[in-house]
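The following report looks at how the parts of a two-chain model meet, within each chain and between the chains. Please keep the sequence and the structure in view while reading.

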Amino acid sequence: MILDGKCPTGPIQTSWDRHCFDLKLVNPANKRKYKVLVVGTGLAGGAAAASLGELGYNVEAFCYQDSARRAHSIAAQGGINAAKNYPNDGDSIYRLFYDTIKGGDFRAREADVWRLAQVSNNIIDQCVAQGVPFARDYAGYLDNRSFGGAQVSRTFYARGQTGQQLLLGAYQALSRQVNAGTVKLYTRREMLDLVVVDGEAKGITCRNLVTGEIESYWGDAVVLATGGYVNVFYLSTNAMGCSVTAAWRATKKGAYMANPCYTQIHPTCIPQSGDHQSKLTLMSESLRNDGRCWVPKKQSENRKPGEIPEAERDYYLERKYPSFGNLAPRDIASRAAKEQCDDNRGVGPGGRGVFLDFSDAISRLGEDKIRERYGNLFQMYEKITDENAYKVPMRIYPAPHYSMGGLWVDYNCMSNVPGLFVLGEANFSVHGANRLGASALMQGLADGYFVIPYTIAGYLATTKPGKAKTDHPEFKKSRDEVEGQLKKLLSIKGKKTVTDFHRGLGKIMWENVGMARTAESLKTALREIPKLREEFWQNVNVSGGMAGVNQQLENAWRVADFFEFAELMTRDALHRNESCGGHFRVEYQSEDGEAMRDDQNFTYVGAWEFKGLDKEPELHKEPLKFENVHLAVRSYK
Amino acid sequence: MSADHNAMNLTLFVWRQKNAKDKGRLERYEAKSVSPDMSFLEMLDIVNEDLIKQGSDPIVFDHDCREGICGMCSQMINGVAHGPEAEITVCQLHMRRFKDGDSIYIEPWRSKAFPLISDLMVDRRAFERIIQTYGYTSAHTGGVPDGNATTIPKPAAEMAMDAAACIGCGACVAACPNASAMLFVAAKVSHLGVLPQGEVEGARRVRAMVAQMDKEGFGNCTNHYECEAACPKGIKVTFISRMNRELMKSIPTGDEVSAAGGF
């Protein structure tokens with residue numbers, strides 16, 4: 001089937017404004033008759049719940065953490081992009097639009113990206129009004145810095161905690177609505193099913209993570225803002241609780257999953273130190289401004305870095321990409337590091353690391369200057385590794401960080417299931433095959449503050465309030481299904497823990513569906529995933545019972561969903577016979593190792609319809625048209 | 001870098017309490033072959049994996065981002081909130097801080113306002129209710145002026161950021177002999193109060209938040225400064241002085257009394 005993104009036609013510059021006018025409205029007196037469920041309280045969900053509550057809708061918001069302030073948006077360090085052009089350096093909405101389309105390797109929708117660039121400026125204004133303490137200069141004006149993939153300074157920041165400060169802004173706006181009585185907040189609740197009544201999303205089923213009860217909530221529309229899925233790799237920079245569960249359960253209820261193979265592997269993370277490791281920590285990309293990446297030329301080198309003479313070092317990024325050097329884009333820097341380690345020239349435990357060396361910068365600028373620029377990062381590095389990076393080179397290795405793919409949505413952020421809206425990282429919409437730095441925060445807040453408040457009315461105006469409530473048989477059916485699955489997990493009483501299986505799945509995914517993929521590795525994964533999944537359902541040991549707090553049970557359902565999702569993700573990677581952005585197929589590269597897109601055959605969004613576990617999913621295509629930006633090859637030589 | 005020859009054996013005494021009604025007790029566990037490179041929570045993960053394999057219930061503890069920013073993790077380690085290292089959360093604490101043969105006591109935050117849920121997990125919704133009372137500026141979505149329309153002196157922006165760094169973990173309450181939430185409340189009052197966007201509602205905010213803090217059952221400040229010592233983000237007690245000053249200044253005059261519902 002050919003999917004229609006329902007994008008406005010005509011000049012792109014006016015597309016969003018015209019669309020807003022064409023959308024139906026819900027009159028102020030009628031808004032409170034409609035109930036909207038918002039799942040997830042990160043930047044997208046928190047902003048959406050706050051804004052919809054403020055408009056007068058009856059909102060119920062849900063998060064698995066004990067507070068809406070703890071969603072993983074909080075961990076974003078660098079900043080948020082906007083086309084303000086405050087530095088007078090030639091930025092514009094068009095340029096932000098262009099950079100985002102190109103950065104995404106021409107695999108995103110033009111209209112969505114235009115809107116994102118257009119509302120980016122409103123976000124900064126909004127956050128300032130909320131009291132977000134952005135960095136300022138001595139004149140009292142907002143400060144900007146540069147980020148990858150752009151030649152202008154358009155990134156706004158609050159020290160190294162931009163995500164935290166933006167999230168606190170949204171959280172406080174949300175708290176204000178809770179106080180006003182327009183939003184009811186449910187913490188320590190995890191969504192375990194989408195309730196679909198007569199083809200439309202009308203509610204959710206949750207587990208109360210404190211009492212263990214399975215609860216039903218009805219709404220006239222459901223908004224998912226449940227983040228990304230890179231914990232499918234087990235080790236990632238995501239929080240421990242981040243999962244694909246909400247999105248995957250929606251997929252099983254008919255929503256299409258788009259481009260799941262587009263995952264971002266961030267090049268500068270602290271390497272794994274042993275099998276005990278539970279997650280990976282990101283080090284800001286800005287370190288590559290002064291650090292030089294190298295590995296020993298000799299394989300299986302045993303000498304300490306200081307004992308390896310200059311001539312026996314390979315500064316591989318400078319060698320391969322002389323014009324961008326150590327500042328090559330994320331996807332390229334990550335793949336290059338992996339190649340060195342695969343070639344047995346990696347450093348540190350298990351040979352999975354490369355050096356990021358600051359000694360040249362220190363002798364050029366002095367240790368104080370480096371401390372001033374990166375002191376907090378060096379300190380964080382020392383806490384984790386017990387190594388002083390002023391004296392010995394840092395060791396870094398790429399780690400799964402972000403998912404560009406997600407649930408398919410049209411221009412209104414509504415999925416193919418009417419009434420189901422998807423925002424932020426959970427949808428597939430604006431980053432194409434590769435996300436630029438400082439754009440994730442921009443998207444989350446754009447969707448939550450400035451898109452959903454308009455587009456949701458277009459749907460609600462067509463539906464009667466309270467069409468299906470929790471006494472509808474579909475709610476009971478959903479509760480029974482969820483309860484059945486949890487009871488089954490608890491009854492297996494096998495020999496391996498949930499973590500054992502998650503680690504196993506992560507290994508399959510990382511080795512075969514990671515930074516470099518081949519048809520062969522993907523087929524291997526497609527054989528191994530179902531095997532391990534079958535073992536999981538026969539041999540997992542989930543302790544405790546249905547009642548009360550049971551963190552093992554929580555992990556178990558998340559991992560169970562990752563097992564099913566992993567197969568779809570692999571299938572998507574196998575079908576996409578091209579390399580683009582974060583999806584690198586070894587077979588599709590130029591002679592000098594660059595990614596080769598196949599615009600002839602793959603300029604489309606691949607949206608998968610779940611047909612049952614033992615059946616092939618069906619692929620639906622949404623063709624992508626580029627009328628405002630010309631398709632071109634990205635090169636960083 | 002092999003961790004094996006550095007591996008430690010530790011004795012843990014962990015607070016176990018199935019739920020709020022259950023009677024709690026310290027249980028003894030042996031943590032064997034602990035690598036110094038493990039984080040404290042990874043050490044607990046390993047203990048839990050063993051407990052599951054033995055058919056026992058694993059230790060319940062809150063955690064999420066494991067990089068010191070979400071504020072979810074919350075443990076008293078040998079009587080110190082977030083453990084022995086300054087300005088970090090439990091998730092950032094590494095086992096190289098301990099020695100082979102050490103005994104480690106692990107307990108939940110203890111405060112009347114943070115009722116226990118299970119083992120090391122407590123209910124911190126009192127913090128939520130304080131923020132919901134007035135921990136915000138009343139800006140609507142949309143219709144706000146350009147971000148540069150009001151200049152903010154750099155020192156004010158920096159001070160706001162120092163206060164806004166709070167992660168809402170509750171260590172300040174756990175560390176305080178009075179179980180006071182003054183540092184938490186003062187941080188938010190100051191973050192918003194020093195900015196022109198928040199100053200407008202400053203008087204109403206400080207009164208409302210302090211009243212809610214008292215209502216939740218937190219104690220008062222008697223200048224022990226344990227909160228500052230325990231704070232993983234290094235938030236200074238000077239914000240408490242600042243809040244007290246703001247509170248005094250906020251004593252309403254004339255028609256403000258009725259608008260604020262009395263004081």
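In chain A, 13 residues of domain 1 are in contact with 17 residues of domain 2, where two residues count as in contact if their C-beta atoms, placed from the backbone, lie within 7 Å. The side of domain 1 of chain A that touches domain 2 of chain A has four nonpolar, nine polar and no charged residues; in this division Ala, Val, Leu, Ile, Met, Phe, Trp, Tyr, Cys and Pro count as nonpolar, Asp, Glu, Lys and Arg as charged, and the others, Gly among them, as polar. This is a predicted model, in which local features need pLDDT of at least 70 and side-chain atom pairs count only at pLDDT 80 or more, while totals for chains, interfaces and linings use all residues. Residues are numbered from 1 along each chain as its sequence is written, and chains are lettered from A and ligands numbered from 1 in the order in which they are written.

The domain bounds, which come from an automatic or database domain assignment, divide the two chains as follows.

| Chain | Domains (residues) | Distance between C-alpha centres of domains 1 and 2 |
|---|---|---|
| Chain A | domain 1 (12–262 + 404–460), domain 2 (266–400), domain 3 (477–605) | 33 Å |
| Chain B | domain 1 (4–107), domain 2 (124–259) | 32 Å |

In chain B, eleven residues of domain 1 are in contact with ten residues of domain 2, and the side of domain 1 of chain B that touches domain 2 of chain B consists of five nonpolar residues, five polar and one charged.

Between the chains, 64 residues of chain B are in contact with 66 residues of chain A. The largest share of the side of chain B that touches chain A comes from α1(B), with six residues; helices (H or I, at least four residues) and strands (E, at least two) are DSSP runs, numbered from the N terminus. By class, this side of chain B has 28 nonpolar, 21 polar and 15 charged residues.

Among the buried residues of α3(B) are M159(B), M161(B) and D162(B), a residue being buried if 20 or more other C-beta atoms lie within 10 Å of its own, again placed from the backbone. The buried residues of α3(B) pack against α6 (162–180) of chain A, together with α5 and α9 (238–249) of chain B.

Chain B also holds an open sheet of five strands in the order β2-β1-β5-β3-β4, with mixed pairing; two strands pair if DSSP finds at least two bridges between them. Because β2 (25–34) and β4 (80–81) of chain B stand at the edges, each with a single partner strand, one side of each is left without a neighbour in the sheet. Strands β3 (residues 76–77) and β5 (residues 103–107) of chain B run antiparallel and are joined by two bridges, with M76(B) opposite E107(B) in β5(B).

Technical notes:
A residue is buried if 20 or more other C-beta atoms lie within 10 Å of its own, exposed if 12 or fewer, and partly exposed in between; C-beta atoms are placed from the backbone.
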